[in-house]
Amino acid sequence: MLGVLGAALALLLTACGGAADSVRAHGPVHITFWSALRGSQQVVDEFNRTHSDVKVDFEQIPSGASGGYTKLSNAARAGNAPDVATIEYPELPGYVIDGVARDLDPLIPAGTKEKFQPAALDLTSFGGHTYSLPLDIEPMVFYYRKDLFAKYHLTVPTTWAGFRATAEQLRKAAPKARLASFFPNQMGEIAGLSWQAGAQWFGTAHDTWQLSMDDAPTRRVAGYWQRLLDRDLVRVEGQSSQQWTAGIQSGDTVGYIDGAWAAGALMKSDPPGKGRWAVAPLPQWDPAHPADGTEGGSTFTVTKDSRHPRQAMEFILWQTTDPDALKARLSSGTSSAFPAVPALVPVAQHAMDDSYFGGQDIYAQFQRSAATVRPQWMWGPRMLATLSQVQTGLARAAAGSGTIESALRAGQAATLPDLTSVGLSVDSH
Amino acid sequence: MSTAVSSDAAAARPPDRTGTAAAGAHGGRRSRRARTTRRQQRTAAALLIGPFGILMALVFLVPLVYAIVLSLFTVDHHGLGFGNGHTVFTGLRSYAAVLTDPTFASGFGVIGLFLVIEVPVLVIVSLGLALLLDSGMVRLRRTAQLFLFLPHAVPGIIAALIWFYLYTPGVSPVVRALSGTGLSVDFLGIHLVLPSLVNVVLWNGLGYNMVIFYAALQAIPREVIEASVLDGASAWRTALRVKIPMVRATVVLVVMFAVIAALQLYTEPTLFNQTDALVSSRYTPNMYIYDAAFDRQNYGLSSAAAVILLVVSCVLSYAVTRWSNRGEDRK
């Protein structure tokens with residue numbers, strides 16, 4: 001059995017090496033682009049329509065760990081990764097370390113970086129080099145049902161203490177209703193909430209990875225949510241699960257916390273909720289110094305294998321900074337991604353039909369939240385694996401075995417061997 | 001390997017003498033005939049074992065050596081690791097990493113728990129079914145045997161899919177029926193997920209093991225059973241005191257197979273992992289190996305874990321064999 005596994009490994013390695021690159025000698029330069037982002041086809045079509053020197057061959061790949069990322073890593077190992085790939089923020093450091101993402105500094109034209117929101121660009125730069133360009137940055141906000149808040153005489157909480165008090169108040173007023181959901185399957189949520197509180201799970205000091213998923217701000221956040229779980233003040237369910245959608249639609253769940261992009265998803269999950277929902281800033285630990293974390297967001301990189309890095313960069317720049325690209329992306333349907341290029345925010349704002357949120361200018365809120373995203377956050381070298389281990393721990397905690405804090409500690413313990421086995425110097429505390 | 005042996009045999013025998021030897025089979029001297037026969041036997045043995053040898057080398061030894069080599073090399077980095085990786089010999093570093101990884105150890109914990117639940121049920125139920133068939137108390141013995149064996153013909157992944165459907169709240173008719181009677185059972189919840197997995201594996205394996213036990217029971221000399229019946233032993237007593245002790249070796253075999261199969265557990269939990277976060281992507285050692293290779297892109301770590309798993313399997317098999325042999329000696 002073990003032999004079979006080894007043989008499969010060997011076969012896979014050789015099979016991947018066989019595919020040939022198709023580059024034409026004449027005509028426009030063709031570059032390949034892999035993405036799991038919705039709306040990419042529209043973006044590519046628009047690019048190909050308006051550009052004659054470069055043509056993009058697009059391939060939609062599955063999102064997440066089991067699909068796209070594995071495919072990308074294997075292709076890179078075999079030397080035939082696409083010219084341009086979409087990588088979410090948490091996965092980027094791993095691809096930089098594995099040598100899949102290219103150092104883009106020689107390719108980025110002068111004056112371009114200034115167009116991007118610094119907090120977003122921070123997340124794509126390591127050791128003074130930029131390895132990808134961000135499409136969007138997704139500050140966390142609180143989505144809530146305006147009509148139900150009025151019905152139960154609740155005020156929108158501005159602090160986390162107020163959030164808990166509101167949750168208690170709601171449960172008293174309507175025993176079946178809950179203020180929010182805790183998503184054990186949404187690996188980024190607890191990260192974003194810790195981020196907001198000032199945690200720093202990964203850092204780099206003295207040329208060493210600093211690993212600490214159990215620092216004081218994280219413990220504070222984990223303990224806070226643990227109490228909410230223990231006292232049954234929030235619903236525990238998978239994000240976008242049937243139960244969650246049912247609760248949202250029936251009004252049993254009157255709010256939830258998520259990134260800016262989730263507004264678009266909400267319009268799809270709860271069409272009859274039109275006019276009832278509103279967006280509020282994330283509750284604060286210290287209202288005098290508002291802070292935010294993010295949840296979600298994607299970036300584009302040129303891979304090491306690319307034979308046309310200049311053209312690949314041209315496509316990335318167009319995709320991330322050109323209003324036409326954003327319009328094409330938004331034409332695919334309801335999207336509320338918050339652009340990492342501030343100049344594009346009015347474009348997105350204009351494309352958004354604000355009637356769903358009763359005329360509220362939700363982009364103005366996103367903009368305020370994005371401005372307070374805490375800098376200095378960094379994702380780790382094997383984030384997908386780390387978060388998947390945390391997620392298992394969270395599922396156990398949700399089932400009453402273990403705590404959120406122990407889930408995070410387990411995630412850290414399960415990450416250490418990954419890092420030390422490839423020779424990274426790690427300081428774990 | 002086999003070709004080498006057979007050509008050696010051919011080379012050792014000059015062509016002209018082969019002709020004589022063939023003629024000698026009719027009227028030659030006795031000793032030469034015996035020698036020729038031995039040679040022919042050796043050639044035949046080499047020819048028969050050859051294909052197995054080649055296959056064994058190709059699908060087991062070569063990948064094993066390859067896995068060991070892979071486990072000793074890693075893409076090595078220094079410091080923060082941004083853009084400085086090279087594949088180099090790193091010795092036992094991957095082994096050290098695997099052995100200090102709590103998720104790898106917990107995989108063996110899962111296997112251990114799995115075995116504690118599975119083995120007794122497997123042995124008792126499949127042996128019980130085999131005894132029933134053997135006792136002739138079951139009508140339409142062949143049909144019954146076929147139906148009991150049938151689940152084994154269903155591929156593991158299909159079985160897991162079907163069961164997963166039956167476990168999933170909201171779609172499962174079983175869960176709905178149970179909740180109709182006031183029982184709310186979460187088959188995929190924290191307490192039942194492992195028993196649910198055991199159930200899938202058992203459903204697949206009971207018939208197969210029943211056939212093994214049945215074959216062993218059929219091999220018991222009928223006189224022995226007749227003797228016990230003549231002595232006035234009931235069917236129950238005959239089964240307990242005569243039949244079961246005589247198939248003891250088969251029980252050991254089945255237990256050993258179960259242990260090895262459990263160590264290889266992969267298909268069923270992998271399917272569960274798709275939607276049940278309680279079953280992590282490193283739930284069993286085999287899943288750990290896959291996760292290390294394809295989710296963490298660390299072939300060194302993956303190979304080291306594979307080699308460790310092989311060693312554990314060998315040690316466990318050896319231990320079970322030794323344990324059973326000691327029992328035989330005592331007897």
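# Close-ups of a predicted two-chain model

A search of the whole structure turns up 22 salt bridges over all chains. Keep in mind as you look around that this is a predicted model.

**View 1. A salt bridge inside chain A joins R382(A) and D98(A).** Here the closest N and O atoms of the two residues are 2.9 Å apart. R382(A) sits in the loop between helix 15 (362-371) and helix 16 of chain A, while D98(A) sits in the loop between helix 4 and helix 5 (118-122) of chain A, so this pair ties together parts that are 284 residues apart in sequence.

**View 2. Helix 7 and helix 9 of chain A pack against each other.** Helix 7 covers residues 160-173 and helix 9 covers residues 216-230. Who does the touching? From helix 7 of chain A it's W160(A), F163(A) and R164(A), and from helix 9 of chain A it's Y224(A), W225(A), R227(A) and L228(A). Sort the residues of this contact by class and you get five nonpolar, no polar and two charged.

**View 3. Helix 9 of chain A also packs with helix 17 of chain A.** This time the angle is about 135° and the axes are 8 Å apart. That angle makes helix 9 of chain A oblique to helix 17 of chain A. Helix 9 of chain A brings T218(A), R219(A), A222(A), W225(A), Q226(A) and L229(A) to the contact, and helix 17 of chain A brings I404(A), E405(A) and L408(A). By class, the contact of these two helices has five nonpolar, two polar and two charged residues. Look out for W225(A): it takes part here, and it is also on the list for the contact with helix 7 of chain A.

View 4. Most residues other than glycine have a negative phi. You'll find D207(A) in the loop between strand 9 (202-205) and strand 10 of chain A.

**View 5. Chain A meets chain B.** The contact takes 47 residues from chain A and 39 residues from chain B. About 3,700 Å² is buried between the two chains, and carbon and sulfur atoms give 63% of that area. How many salt bridges cross the interface? The rule finds two. In a salt bridge between the chains, the side chains of R282(B) and D418(A) meet, with 3.7 Å from N to O. The count of residue pairs in polar contact between chain A and chain B is 13.

**View 6. Several elements build the side of chain A that touches chain B.** Among those that each supply at least two residues are helix 3 (65-77), strand 10 (208-211) and helix 17 (404-421) of chain A. Which helix gives the largest share? That's helix 1 of chain A, with ten residues. By class, this side of chain A has 25 nonpolar, 16 polar and six charged residues.

Methods: Residues are numbered from 1 along each chain as its sequence is written. Chains are lettered from A and ligands numbered from 1 in the order in which they are written. This is a predicted model: local features need pLDDT of at least 70, side-chain atom pairs count only at pLDDT 80 or more; totals for chains, interfaces and linings use all residues. Side-chain values use heavy atoms; hydrogens and water are left out. Axes are lines fitted to C-alpha atoms, for helices over the stretch in contact, and angles run from 0 to 180 degrees between N-to-C directions. Helices (H or I, at least four residues) and strands (E, at least two) are DSSP runs, numbered from the N terminus. Contact means heavy atoms within 4.5 Å. Ala, Val, Leu, Ile, Met, Phe, Trp, Tyr, Cys and Pro count as nonpolar, Asp, Glu, Lys and Arg as charged, and the others, Gly among them, as polar. Buried area is the accessible area (1.4 Å probe) that two parts lose on being put together, summed over both. A salt bridge is a side-chain nitrogen of Lys or Arg within 4 Å of a carboxyl oxygen of Asp or Glu. A polar contact is a pair of N or O atoms within 3.5 Å; within protein, one must be able to donate a hydrogen and the other to accept it, and residues adjacent in sequence count only if both atoms are side-chain atoms. Angles under 35 degrees count as roughly parallel, over 145 as roughly antiparallel, 65 to 115 as roughly perpendicular and the rest as oblique.
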